[in-house]
Amino acid sequence: MKIAVIGTGYVGLVTGTCFAETGNNVICVDIDQEKLRKLRAGTVTIYEPGLEVLFERNIKEGRLHFTDDLKSAVEHAQIIFLALPTPPQEDGSADLQYVLNVARDIAPLMTGYKVLVNKSTVPVGTADKVRAIVQPLAKVEFDVVSNPEFLREGAAVEDFMKPERVVVGTRSPRAKALMEELYKPFVMSGNPVIFMDERSSELTKYAANSFLATKISFMNEVAQLCERVGADVDMVRRGIGTDSRIGKRFIFAGVGYGGSCFPKDVKALNYTSQEYGYRFRILESVLDVNKVQKDLLVEKVKAFFQGNLKGKKLAVWGLAFKPNTDDIREAPALGIIADLQGLGAEITAFDPVAMPLVERYHPELKIRYATGMYSAAQGADALLIITEWNEFRTPDFDQLATNLTQRALFDGRNIYEPEQVAGHGLYYASIGRTTIDGRK
Ligand code: NAD
């Protein structure tokens, strides 16, 4: 099939590449010339495990192309995916200008029957809005379909190639047949393509992300309680996670959820709810809890230094909002670093892939970047772990005890066993577990 993907970011590039991988001919469109230059030169513009191999293969096979020419892409494609940003506005609502403007640009360029697919995360009613914009400008028949994306950054290729489910919102039999054919190779193992109306499909995406954020905030509340009653949140997690009704995933306590999706999607669903005159009380709490949780690690550091962080040297491991990605949008590390700097601390950070992006997009954070995890800790008073990259999981604690002047470790992701760390002569504070001082 002939496909166009408008917007070649985290979702668009993976979508385009994976559709090419199953034999489709795909044109990816973007307005960012630097990005296009790199893509055309054969460079993958995001860090995403497994993407490079597919990207190179499909370019070589002539199935994957990159352009800024919307007209040729629209003419080429029968199915046009919009993978455009929908960033949060001041009031929490999703900014639809990118999606609606591109829909307006596409409409007069359509030369035959086209299916316009919203892959961006968009509020309920957006398919109707897109239809209303395109209709008066279109000279041909078209359908607007909602097809939210559920890939996880860091595992995006695997998620796209083997989705647990594909959700498609359309009431058009013609569009349904095309979408069914397109997704067939991705669900050979029997996972479902779930067809529904557009509004239910749009809401499904927000409900999924908001539910996952709720699990995280719930567990962070349990962690707060654990600290007060002397329980261990990790034990509680294991205890409840084995119940298949609860599940093992997304119940890890930590420094709060971040990233380009959960914060904005929870806010946007809360906004939609208010718009329709309903107070979604759980979402309000999810947002509150996440705000509080982001301050928790800073409070622990402050308490250790008796409230005085002036001139303290702190090492930070992990800047990306989660492991296996270079995405730093709404990364908890950024807020934590800003808060610590505001209190007078000096920060040296190490992240396996995200340092260049932080340096580029957050010059206001005066971070010193280290070449490795141990060199970041060398001469620092204390170390904070904010992103649980695999390579941080089994460090040489003796070396850390030598490197860190005050031998203190603050673990925002609970990746170590407290007794073990303390056994190496370190002070160890984590989330929802008893702090142990092993320095004596
Ligand atoms: P992104 O910022 O990485 O990519 C968006 C791309 O669109 C950029 O490359 C930008 O240059 C391009 N663009 C902007 N205006 C354009 C225009 N007029 N014409 C062509 N290209 C244009 O964003 P993303 O993370 O890929 O997210 C896209 C959408 O997918 C959002 O709605 C997001 O909520 C949703 N989503 C994201 C994820 C994720 O993990 N990142 C997962 C599921 C859904």
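Select the ligand and V11: a polar backbone atom of V11 is 2.8 Å from an oxygen atom of the ligand, a polar contact being a pair of N or O atoms within 3.5 Å (within protein, one must be able to donate a hydrogen and the other to accept it, and residues adjacent in sequence count only if both atoms are side-chain atoms). This is a predicted model, in which local features need pLDDT of at least 70 and side-chain atom pairs count only at pLDDT 80 or more, while totals for chains, interfaces and linings use all residues. Residues are numbered from 1 along each chain as its sequence is written, and side-chain values use heavy atoms, with hydrogens and water left out.

Next, select D30, where an N or O atom in the side chain is 2.6 Å from an oxygen atom of the ligand. Then go to K264, which has a polar side-chain atom 2.5 Å from an oxygen atom of the ligand. Of the ligand's own 830 Å² of accessible area, the protein covers 88% (Shrake-Rupley method, 1.4 Å probe).

Now show the whole shell. Around the ligand are 27 residues, each with a heavy atom within 4 Å of it. D30, K35, T86, E153 and K264 come nearest. By class, the shell has 12 nonpolar, 7 polar and 8 charged residues; Asp, Glu, Lys and Arg count as charged, Ala, Val, Leu, Ile, Met, Phe, Trp, Tyr, Cys and Pro as nonpolar, and the others, Gly among them, as polar.

Last, colour helices α9 (residues 198-229) and α11 (residues 262-275), helices being DSSP runs (H or I) of at least four residues, numbered from the N terminus. Their axes are 9 Å apart and the packing angle is about 115°, with axes fitted to C-alpha atoms over the stretch in contact and angles running from 0 to 180 degrees between N-to-C directions. α9 and α11 are therefore roughly perpendicular (65 to 115 degrees).

Conventions:
Helix = DSSP H or I, 4+ residues; strand = E, 2+ residues; numbered from the N terminus. Parallel < 35°, antiparallel > 145°, perpendicular 65-115°, else oblique.
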